[in-house]
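I opened a new model today and kept notes as I went. The entries follow the order in which I looked things up.

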Amino acid sequence: DNLGRTLFCLLNDFSSLALQSPANGSVGQNENPVLFWQGVSDADAYDVELATNPAFNLSSVIAAQQNIVVDSFKVPVILGKGQVYYWRVRPKNECGAGPWVGPFTFATLVNVCASKNANGLPKTITANQATTVEASVTFTGSSSVSDVNVAKIQGSHNFFKEIEVILISPQGTELQLFKGKCGGFSGNFNLGFDDASPSPGPTCPPSNLGVIFRPDLALSKFNGEDASGEWILRVKDDSPGSGGSLSGFTLELCANTTLNPPVLVNNNVLQVAPGNNRAVTPDLLKTEDANNSDDELLYTLLTTPTHGELHLNGSGTPMVVGDQMTQTDL
């Protein structure tokens, strides 16, 4: 203008902003995901929120960041297994912030654990020569290992320090549980191994029933491998002169798995005349699931009606975003 001032014009079209992944309604996501969205040229930065409730109230937001200049956000916390989460993004520039886009919802992997006892025991560790004995358990069903625990190794030996114990996965990965422990101890042993144990071990004597120790090498080495197949416990005695036996082996595997989601049977439009009300019944909305009963099937309200109100079982109080009901409530 005549005073030499410059007018800057900023475009404020955020309409093409779109959330991308994890996709809306996706299941089987890992516990440390990265959120991606399709950015827009008119945005200088983005705010992002991740919550356990679509209302995004303060108590439910578990991760958030403002003024992100890229089109992604790595969640900085480890999410719970088998949980449902909601995320949304808001664009912004010098003119201010646009509306929140979303939410998208996703569910994390479920952790399923199983333990098995080895058959064909006991096996003799002969005293007159170097000896290797093995015990094995077989797991079926392809899934990714998330945790391995040796619940029990039981037996006896006349010179415990001579034995080395190794766990071998179906993929051939070998891991030393312990070797050269407890000096000249002779007798029975009954112990287990878990990375989470506060005790390195085994402590001596190793005869305490069922005490769980940390192994020489972390069992997390197996994480990510396929759980399916034969897992082998190998006990080696390379020094002739002392013997014993392997009488028990129990292995626990936890694996990440994706459960089949519930099946939507009915999802019909509810029509209500002005000034009237009508119940939402199973012929309008019904979901079934092989693993859950009707009182375990939980609906979460993501948006409220544009016209009218939704009340839970005639409570007289309008439901709000984030409120929940079960299939039994219908």
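**Entry 1: a phenylalanine and its partner**

I began with phenylalanine 178, which has a relative accessible area of 0% and is therefore buried. I note here that the model is predicted. Next I looked up the aromatic pairs and found eight in the structure. In one of them, the ring centres of phenylalanine 178 and phenylalanine 193 are 5.7 Å apart, with the planes at 25°. Stacking requires planes under 30 degrees apart, so I logged this pair as stacked. Where do the two residues lie? Phenylalanine 178 is in strand β15, phenylalanine 193 in strand β16 (residues 187-193). The pair therefore ties together parts that are 15 residues apart in sequence.

Phenylalanine 193 has a relative accessible area of 1%, so I put it down as buried.

**Entry 2**

Four strands make it up, in the order β12-β18-β14-β15, with antiparallel pairing. Which strands stand at the edges? They are β12 (131-139) and β15 (174-179). Each has a single partner strand, so one side of each lacks a neighbour in the sheet. I read an average twist of 20° from one strand to the next.

I then looked at how β15 is joined to its partner. Five bridges connect it to β14 (residues 163-168), and the two run antiparallel. Across this pairing, isoleucine 166 stands opposite glutamine 176 of β15.

**Entry 3: arginine 88**

I moved on to arginine 88. Is it buried or exposed? Its relative accessible area is 17%, so it counts as buried. The cut-off for buried is under 20%.

I listed its contacts. Its charged end sits over the ring of phenylalanine 56, 4.1 Å from the centre. Arginine 88 also lies over the face of tryptophan 100, at 4.2 Å from the ring centre. Its side chain meets that of glutamate 49 in a salt bridge, at 2.8 Å from N to O. Arginine 88 belongs to strand β7 and glutamate 49 to strand β4, so this pair ties together parts that are 39 residues apart in sequence. Glutamate 49 counts as buried, at 17% relative accessibility.

**Entry 4: other salt bridges**

I looked up the total and got seven salt bridges. I picked out two more to follow.

One joins lysine 81 to glutamate 31, with the closest N and O atoms 2.5 Å apart. Lysine 81 is partly exposed at 29% relative accessible area, whereas glutamate 31 is buried at 17%.

The other joins lysine 92 to aspartate 47, with the closest N and O atoms 3.1 Å apart. Lysine 92 is in strand β7 and aspartate 47 in strand β4 (residues 45-51), so parts 45 residues apart in sequence are tied together. I have lysine 92 as buried at 17%, and aspartate 47 as buried at 2%. Last, I checked for a network. Asp47, Arg90 and Lys92 are linked in one, through salt bridges.

Methods
Residues are numbered from 1 along each chain as its sequence is written. This is a predicted model: local features need pLDDT of at least 70, side-chain atom pairs count only at pLDDT 80 or more; totals for chains, interfaces and linings use all residues. Side-chain values use heavy atoms; hydrogens and water are left out. Two strands pair if DSSP finds at least two bridges between them. Axes are lines fitted to C-alpha atoms, for helices over the stretch in contact, and angles run from 0 to 180 degrees between N-to-C directions. Rings of Phe, Tyr and Trp (its six-membered ring) pair if their centres lie within 6.5 Å; planes under 30 degrees apart count as stacked, over 60 as edge-to-face and the rest as tilted. Buried means under 20% relative accessible area, exposed over 50%, partly exposed in between (1.4 Å probe, protein chains only). A charge sits over a ring if NZ of Lys or CZ of Arg is within 6 Å of the ring centre and within 35 degrees of the ring normal. A salt bridge is a side-chain nitrogen of Lys or Arg within 4 Å of a carboxyl oxygen of Asp or Glu.
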